[in-house]
Amino acid sequence: MSGTLYIIGTGPGDPQLLTLKAVSIIKSCPVIIAPHGSKNGNSTALAIVGDAVPLAEKTVIQLHFPMKKIRNGHEPAPEILTARRHAAEEALHHLDQGIDVCFPTLGDPAIYSTGYYLYETICGIREDIDVEFVPGVPAMSSCSAALASPICLGDEMVAVIPATFSDDRLREVLERFDTIVLMKVHRVMDRIVELLKHADLMDRAVLVEKAGTKGERTCAELDKITEPPHYYSTIIVRKNPITVRTLIN
């Protein structure tokens with residue numbers, strides 16, 4: 001009998017935002033395979049888990065997943081495929097021994113998550129593996145909480161997109177939707193600021209850095225940011241004003 005692979009959303013950073021179900025499963029899993037994006041770095045998802053659950057008696061494996069642009073419908077770079085295959089084989093090694101494996105991933109597994117790529121790769125090797133997804137708090141929900149501002153109300157339309165999209169696609173989204181959540185903004189801030197200025201939306205945009213962590217910071221004056229924000233940064237553009245107060249620090 002094979003083990004079960006649990007792909008678990010860890011939330012944005014605060015270990016208290018892990019769900020009760022996530023904590024219970026992590027405690028019961030003997031093996032944790034954790035992704036990290038920096039070649040010589042450590043897994044942030046694992047650090048979140050480690051603040052909530054003792055890991056000393058578990059087998060913990062950190063694997064590098066290259067941070068490269070992925071386009072749906074296009075073949076990923078060879079090093080990405082190699083990393084996914086290696087992670088899948090590592091997971092299968094333990095699952096085939098009847099050992100449950102936990103794969104923690106930042107935020108929610110359903111939103112731009114490494115977890116689904118692992119799931120897809122494993123299914124390409126073997127279709128009989130038991131896999132369970134455990135949702136987590138997405139970064140944009142934590143950003144909304146930090147700002148005391150809703151993502152959407154009533155009949156408002158929302159778009160959640162990477163800021164690395166082409167200018168044309170970003171302009172279209174900024175024009176069509178009531179709220180726009182821009183993820184992965186850290187390397188393209190100058191370009192995003194220019195697009196927001198052109199769309200006359202600078203006064204509707206707020207950046208949240210390290211949402212849900214001790215280093216959380218918000219900024220409503222994007223054109224005054226002189227240094228690239230942290231990798232874990234999100235911009236929320238909300239066109240419709242709200243009557244509740246907004247917390248900016």
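Reply: Strands β7 and β10 are joined by 5 bridges and pair in the antiparallel sense. Two strands count as paired if DSSP finds at least two bridges between them. Strands (E, at least two residues) and helices (H or I, at least four) are DSSP runs, numbered from the N terminus. Within this pair, Val181 stands opposite Ile236 in β10.

This is a predicted model, in which local features need pLDDT of at least 70 and side-chain atom pairs count only at pLDDT 80 or more, while totals for chains, interfaces and linings use all residues. Residues are numbered from 1 along each chain as its sequence is written, and side-chain values use heavy atoms, with hydrogens and water left out.

Strand β10 also pairs with β8, again in the antiparallel sense and over 5 bridges. There, Glu209 stands opposite Ser233 in β10.

β10 is mostly covered, with 6 of its 6 residues buried. Buried means under 20% relative accessible area, exposed means over 50%, and partly exposed lies in between (1.4 Å probe, protein chains only). In a regular strand the side chains alternate between the two faces of the sheet. In β10, Ser233, Ile235 and Val237 point one way, and Thr234, Ile236 and Arg238 point the other way.

Leaving aside neighbours within four places in sequence, Ile235 is in contact (heavy atoms within 4.5 Å) with residues including Ile180, Val181, Leu182, Ile192, Leu207 and Leu222. Ile235 belongs to the largest nonpolar core, which has 26 residues. Such a core is a set of buried Ala, Val, Leu, Ile, Met, Phe, Trp, Tyr and Cys residues joined through side-chain atoms within 4.5 Å. Leu182, Ile192, Leu196, Leu222 and Ile235 touch the most other members. The elements that give two or more residues to this core are β6 (158-162), α6 (167-176), β7 (179-183), α7 (189-198), β8 (205-209) and β10 (233-238). The largest share, 5 residues, comes from α7.

Helix α7 packs against α6 at an angle of about 45°, with the axes 11 Å apart. Axes are lines fitted to C-alpha atoms, for helices over the stretch in contact, and angles run from 0 to 180 degrees between N-to-C directions. That angle makes α6 oblique to α7, because angles under 35 degrees count as roughly parallel, over 145 as roughly antiparallel, 65 to 115 as roughly perpendicular and the rest as oblique. The contact is made by Asp167, Leu170, Arg171 and Leu174 of α6 and by Arg191, Ile192, Leu195 and Leu196 of α7.
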